[in-house]
Amino acid sequence: MVLLEATAIGKRFGGVIAVDDVSASVHEHSIHAVIGPNGAGKTTFFNTLSGFYFPDGGTVHFDGREITRMPNWQRVAAGMGRTFQTPSIFPELTVHENLQLGIWSQAGQAFRLRGGTRAQTQAVEARIDELLGFVNLASSRSRLVAELSHGSQRLCEIAMSLSTSPKIVLLDEPMAGLAEAETERIVGVIRDLRERLGLTVLFVEHNMRVVLSLADRITVMDRGRLLAEGTPNEISANEAVRDAYLGREVVDHV
Amino acid sequence: MTPALRTALVIGGLLALAPLVLPIVHLDVSIVSEVLLFAIAAMSVNLLLGYTGLPAFGNAAFFGLGSYGAALSIKYAHVHFIEAVLVGTLAGLVGGLILGPFLLRRRGIYFGLLAIAFGQVFYFIAYRFTSVTGGEDGMNFARPYVGFPNVHFSLNEMSFYYVALAIYLGIVALFSVVAVSPFGRTLVAIRQNEVRVRYLGINTDRFIFVALLISSTIAGLGGAMFALLINFAYPLTLDWHQSGDFVLIMILGGAGTIWGPLVGATIFVIGKDIISTITPLWQIFLGALFIACVLGFPKGILGSIAAFRDRRALVGAASAPDAQTPLPRGTS
């Protein structure tokens, strides 16, 4: 079943056509990657799916309904979580407080002008423990997020995107700027998103080795256009993809 | 008893006893009432600027609406004290309802400019609409009777002070509860990263609108009480200079703190009173103070003290590695 479907998306900024007629189908319980060289329009395409921008043309369907021009906060309520290339967090709040907000939001409690009841607070705390356990950050619970390493901030952001109980998680270059060991941690977490939580993952990435080993479906973009879509084997065998982006040695190496 | 409640009782107690020491330092009780009302106005700015990060550079509009709401209702409808305060408070709320939808569309410096511009609109209405508002001369009135049945007197300066104190402490209590509520924490999160708050499924516009309404209502209440303190409403209470004073008071005391506005208002109002008896150039000293504050301790007086305490706590925790000392907090 297709969970997230983008059809003929177009987006321009002034005279620059950033995304031109790109479609993609993200299947439920899949790990789907969007790749392409710098300036291919990956992030712009990604942002039209998450409602950061609205596309100029085309439609986006999610979980059986059209969301093309749905405000971003409503998409979250509909079951979409996302992270950003530079971790988007609350630096001056603790890890615990960073996670609290999304849980309140999902429970419809964020608008309360008074603190919650004991039962509500306990439920929130239990959920925070669960999320921190999942990304392995339990020991950093009461630290300020600004003090965490880049990789831990990213894990915290992934936990935040899970705090609203999404069906799909959109990750914008989750491995960007990370050391090898931290990359492995994130790769493990992305696998767990599907295996342990049963979620669907769409991520933008340019680390080809990671993409080919992690994704089960890949959308390749180049200069704002859709170049190919397929399984890792199909993509690594695709001549157009090899010419435009990969470089033979990278693909052969894998 | 929590430390916060203990602080509140100590400060509330000191304020309640303040009139006893005033004659010693040759201050009139009405000046301490003015401190409280300016602290209230600065708290209305604090909610938007200190907590939510919105440059509320036009809150005098709501303060002045409160002043004129009280003055006009007394002059034309001959209402009592309590009703005049209510009308002024409602005028602030209505001002927020009218301006809120426009202000909501902008963030950052554009929000600030829009707030100033809207404030000036009210200023010029009060200034030009001479037949109703008295224009530049303002409008004076006699302080009306309290408004309780069979109470045929108006508040003297001393009883006015205690009414102002009760209102001030009520607003402090409101802030203390709201600041730690999910709503208050969401406002702080909006200040730090609004995009992330939206991507947690929260319609931030709705939160900002409600914060604006609370802020404008509080400013209206402060303005109504201010008009009743001086028995006078005048256009400059709506002016952007007045808004600037409120911002200055808030920053001086400490943005995002409960007691900062009171500390800032005390220094501002009493400092102005003392210096202006010595020289008419008191604004120079005020400007110098503001520059010193922004350059030297941008977190304000209370914010700097809290940061200093946190640093000391951190040093203590480092020397005792097993101690479960909570880490410093930037915003609580």
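Predicted model: local features only at pLDDT ≥ 70, side-chain atom pairs only at ≥ 80, totals over all residues.
Student: How do you know that the length of helix α4 of chain A agrees with its number of residues?

Tutor: Helix α4(A) runs over residues 118-135, and at 1.5 Å a residue its 18 residues should span 26 Å; the C-alpha atoms at its ends are 26 Å apart, which agrees.

Student: Which residues of α4(A) are called buried, and what puts them on the same side of the helix?

Tutor: Buried means under 20% relative accessible area, and in α4(A) this holds for Val124(A), Arg127(A), Ile128(A), Leu131(A), Leu132(A), Phe134(A) and Val135(A). They cover an arc of only 155° around the axis, and therefore lie on the same side of α4(A). These buried residues pack against α3, α5 and α6 of chain A, whereas the face turned away from them carries the exposed residues Arg118(A), Ala119(A), Gln122(A) and Glu130(A).

Student: Why is strand β9 of chain A called largely enclosed by the rest of the structure?

Tutor: Five of the six residues of β9(A), which covers residues 217-222, are buried, so the strand is largely enclosed.

Student: What makes β3(A) and β10(A) count as pairing partners of β9(A)?

Tutor: Two strands pair if there are at least two bridges between them; β3(A) and β9(A) have four, in the parallel sense, while β9(A) and β10(A) have five, in the antiparallel sense, so both pairs meet the cut-off. Thr219(A) in β9(A) stands opposite Val34(A) and also opposite Glu229(A) in β10(A).

Student: What do β9(A) and β10(A) form, and which residue in the turn has a positive phi?

Tutor: They form a hairpin with two residues between the strands, and in its turn Arg223(A) has a positive phi of about 50°.

Note on methods: Residues numbered from 1 in each chain as written. Chains lettered and ligands numbered in written order. Heavy atoms only, no water. Expected span 1.5 Å × (residues − 1). Buried < 20%, exposed > 50% of the residue type's maximum accessible area, 1.4 Å probe, protein only. Arc of directions from axis to C-beta. Contact = heavy atoms within 4.5 Å.
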